[in-house]
Amino acid sequence: MKYVDPRPVELVTPRLVLRNFVMEDVARVAEIANDPRVADTVLSIAMPYEVSHAEEFWKKQDVWWREGKAFVFAIAKRGVEGSEGIVGFTGLHVRGADDSAELGYWLGHAYWNLGYATEAARAICEWGFATRGLHRIFAHHMANNPASGRVMEKLGMQHEGLLREHVKKGSEYRDVHVFGVLKRDWGLGIGH
Ligand SMILES: CC(C)(COP(=O)(O)OP(=O)(O)OC[C@H]1O[C@@H](n2cnc3c(N)ncnc32)[C@H](O)[C@@H]1OP(=O)(O)O)[C@@H](O)C(=O)NCCC(=O)NCCS
């Protein structure tokens, strides 16, 4: 098992701080994730999303950090202390053999269309390329979620394809778009 130093990491952007998700945050996470508008386009968010689901998420991501499998950050507003500042989450799920990682993110509905997802995703991609030895970062979004596709475009990711009915959300098969960016392209200024 690869050991990754679990000491807290903070990534600061103009309006946000990406910080470790701590156990004290679980009630806040349930509060913003327990919303069909958020859950509809995220496979890992069930409805209803209870505090127990947020606790499970906290436990899993803690293990993932330690094993180097995924790096999950709470996205919080700068200057707002504690769980109240949390507006959403972003993470990189690592595929170690390929030096690649899948980018994910979600925000509470009250915080959409303010540029927060793009700001947070840009910071975590920068960190992933600069400090985690990543060669490629990719992301998926359901075809009924164009806002997420727009975030990927704004990051400078390339559209790489459409996976037909690739995921099942509830009883419905959904098409999924794939985007990706290579470190050498990011280094050319893409994403900034
Ligand atoms: C997808 C999501 C993360 C976007 O977060 P956000 O902070 O609103 O994203 P940003 O503000 O950085 O960018 C959103 C972009 O999408 C655009 N957009 C919003 N709704 C849109 C729509 N229906 N069709 C096309 N574009 C849309 C916005 O105009 C903006 O683009 P612009 O800056 O060019 O104007 C957020 O909507 C969310 O959390 N959704 C639920 C969970 C989810 O789907 N997560 C992603 C799974 S892949």
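A: Within the largest nonpolar core of this predicted model, which has 38 residues, the members that touch the most other members are Phe73, Ile75, Leu103, Ala120, Ala121, Ile124 and Cys125. At least two residues of this core come from each of the strands E2 (16-19), E3 (70-77), E4 (86-95), E5 (100-107), E6 (136-142) and E8 (172-182), and the helices H4 (116-131) and H5 (146-154) likewise each supply at least two. Helix H4 gives the most to the core, with eight residues. Apart from it there is a second, separate core of seven residues, among them Val26, Val29, Tyr49 and Ala54.

Helix H4 also holds Glu119. Glu119 has 18 other C-beta atoms within 10 Å and therefore counts as partly exposed, since a residue is called buried only at 20 or more such atoms and exposed at 12 or fewer. Leaving aside residues up to four places away in sequence, Glu119 touches Thr13, Arg15 and Leu16. The C-alpha atoms of Glu119 and Leu18 are separated by 10 Å, although these two residues are 101 residues apart along the chain.

In the loop that runs from E5 to H4 lies Asn113, a residue that is not a glycine and yet has a positive phi of about 65°. Asn113 counts as exposed, because it has 10 C-beta neighbours inside 10 Å and the limit for that class is 12 or fewer. A positive phi is also found at Glu165, about 45° in this case and again at a residue that is not a glycine; Glu165 lies in strand E7 (residues 158-169). Glu165 has 11 C-beta neighbours inside 10 Å and so counts as exposed. Such backbone values are worth noting because most residues other than glycine have a negative phi, and most peptide bonds are trans. Pro48 is found in the loop between helix H2 (36-39) and H3.

Helix H3 (residues 51-67) in turn packs with helix H1 (residues 26-33), at an angle of about 120° and with the two axes 8 Å apart. The crossing of H1 and H3 is right-handed. On the H1 side the contact is made by Val26, Ala27, Val29, Ala30 and Ala33, and on the H3 side by Val51, His53, Ala54, Glu55, Phe57 and Trp58. Sorted by class, the residues in the contact of H1 with H3 are nine nonpolar, one polar and one charged. Val26, Val29 and Ala54, which take part in this contact, are also included in the second core.

For the protein as a whole, the secondary structure comes to six helices and eight strands, which follow one another along the sequence in the pattern β-β-α-α-α-β-β-β-α-β-α-β-β-α. The radius of gyration is 16 Å, close to the 16 Å that the globule rule gives for 192 residues, so the protein is as compact as a globular protein of that length. The C-alpha trace spans about 40 × 40 × 35 Å along its principal axes, and 32% of the 192 residues count as buried. Among the contacts between residues at least 6 apart in sequence, 57% join residues at least 24 apart.

Conventions. Residues are numbered from 1 along each chain as its sequence is written. This is a predicted model: local features need pLDDT of at least 70, side-chain atom pairs count only at pLDDT 80 or more; totals for chains, interfaces and linings use all residues. Helices (H or I, at least four residues) and strands (E, at least two) are DSSP runs, numbered from the N terminus. The radius of gyration is taken over C-alpha atoms; the globule rule is 2.2 Å times the number of residues to the power 0.38. Two residues are in contact if their C-beta atoms, placed from the backbone, lie within 7 Å. Axes are lines fitted to C-alpha atoms, for helices over the stretch in contact, and angles run from 0 to 180 degrees between N-to-C directions. A crossing is left-handed if the near helix is turned anticlockwise from the far one by less than a right angle, and right-handed if clockwise. Ala, Val, Leu, Ile, Met, Phe, Trp, Tyr, Cys and Pro count as nonpolar, Asp, Glu, Lys and Arg as charged, and the others, Gly among them, as polar. A nonpolar core is a set of buried Ala, Val, Leu, Ile, Met, Phe, Trp, Tyr and Cys residues joined through C-beta atoms within 7 Å.
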